[in-house]
Amino acid sequence: MPWKCTRSFWYIVKMREKIIGKFEDFPEGKGTGVKLGGLRIAVFNIEGKLYAIHDSCPHKQAPLHESGSNRYNSDKCGGAYLGEVDIELKTVKCPWHGLRFNLETGENPVLGRRIPTYEVIIKRSGEVAVVV
């Protein structure tokens, strides 16, 4: 189990698997939004592998799962390439303003910070779970 630290003591954080759907619920090359309580997660299927990241861009809280389909400000903020999913680089570009995030690490090199990523588990039954 992972350890977390506050100012004066260490404690164990229990991670849990949460079922989010079946594998076929996550189409190739697109993002799918999932809500677990108050947590928003974007799941991307890249060449048959699922990646899960926090579904909110830290700049203006744009829904990252809509990358690849909805391109809100593309005519005003950088052209037709906002909101793309880059299969080769395994990155997603924010559909509102174009910040790019790595699907494996959550890192954005421009901001120098990361958004949370989540481990994805595919069960024998075909169910998909994330570890939160």
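This briefing covers the strands, sheets, hairpins and selected residues of one predicted protein model.

The model is predicted, so local features need pLDDT of at least 70 and side-chain atom pairs count only at pLDDT 80 or more, while totals for chains, interfaces and linings use all residues. Residues are numbered from 1 along each chain as its sequence is written, and side-chain values use heavy atoms, with hydrogens and water left out. The protein has 0 helices and 13 strands; helices (H or I, at least four residues) and strands (E, at least two) are DSSP runs numbered from the N terminus.

**Overall figures**

- Along the sequence, the pattern reads β-β-β-β-β-β-β-β-β-β-β-β-β.
- The protein has 132 residues, and 36% of them count as buried; buried means under 20% relative accessible area, exposed over 50%, and partly exposed in between, with a 1.4 Å probe and protein chains only.
- Among the contacts in the protein with a separation of 6 or more, 39% come from residues 24 or more positions apart; contact means heavy atoms within 4.5 Å.

**The sheet of 6 strands**

- An open sheet of 6 strands runs in the order β3-β13-β12-β6-β5-β4, and its pairing is antiparallel; two strands pair if DSSP finds at least two bridges between them.
- β3 (17-22) and β4 (31-36) are the edge strands of this sheet, each pairing on one side only.
- From one strand to the next, the twist averages 30 degrees; axes are lines fitted to C-alpha atoms, for helices over the stretch in contact, and angles run from 0 to 180 degrees between N-to-C directions.

**β5 and its two partners**

- β5 is mostly covered, with 6 of its 8 residues buried.
- Towards β4, 6 bridges join the antiparallel strands β4 and β5, and Leu36 has Leu39 in β5 as its bridge partner.
- β4 and β5 make a hairpin with 2 residues between them, and Gly37 in the turn has a positive phi of about 65 degrees.
- Towards β6, strand β5 (residues 39-46) is joined by 6 bridges and runs antiparallel.
- Within this pairing, Phe44 stands opposite Tyr51 in β6, and Ile41 has His54 in β6 as its bridge partner.
- β5 and β6 also make a hairpin with 2 residues between them, where Glu47 in the turn has a positive phi of about 50 degrees.

- Glu47 is found in the loop between β5 and β6.
- Glu47 counts as exposed because its relative accessible area is 61%.
- Leaving out residues up to four places away in sequence, Glu47 touches Glu28 and Ile87.
- The C-alpha atoms of Glu47 and Gly29 are separated by 7.3 Å, and these residues are 18 residues apart along the chain.

**The loop between β6 and β7**

- Ser56 lies in the loop between β6 (49-54) and β7 (85-86), and Leu64 lies in the loop between β6 and β7.
- Ser56 counts as buried because its relative accessibility is 10%.
- With residues up to four places away in sequence not counted, Ser56 touches Arg40, Gln61, Ala62, Leu64 and Ile115.
- Leu64 counts as buried because its relative accessible area is 0%.
- Apart from neighbours within four places in sequence, Leu64 is in contact with residues including Ala42, Phe44, Ile53, His54, Ser56, Val92, Phe101 and Ile115.
- Leu64 and Leu99 are 35 residues apart along the chain, and their C-alpha atoms are separated by 10.0 Å.

**The sheet of 3 strands**

- A further open sheet has 3 strands in the order β7-β8-β9, with antiparallel pairing.
- β7 and β9 (100-102) stand at the edges with a single partner strand each, so one side of each has no neighbour in the sheet.
- Strand β8 (residues 91-93) is joined to β9 by 3 bridges, and the two run antiparallel.
- In this pairing, Thr91 has Asn102 in β9 as its bridge partner.
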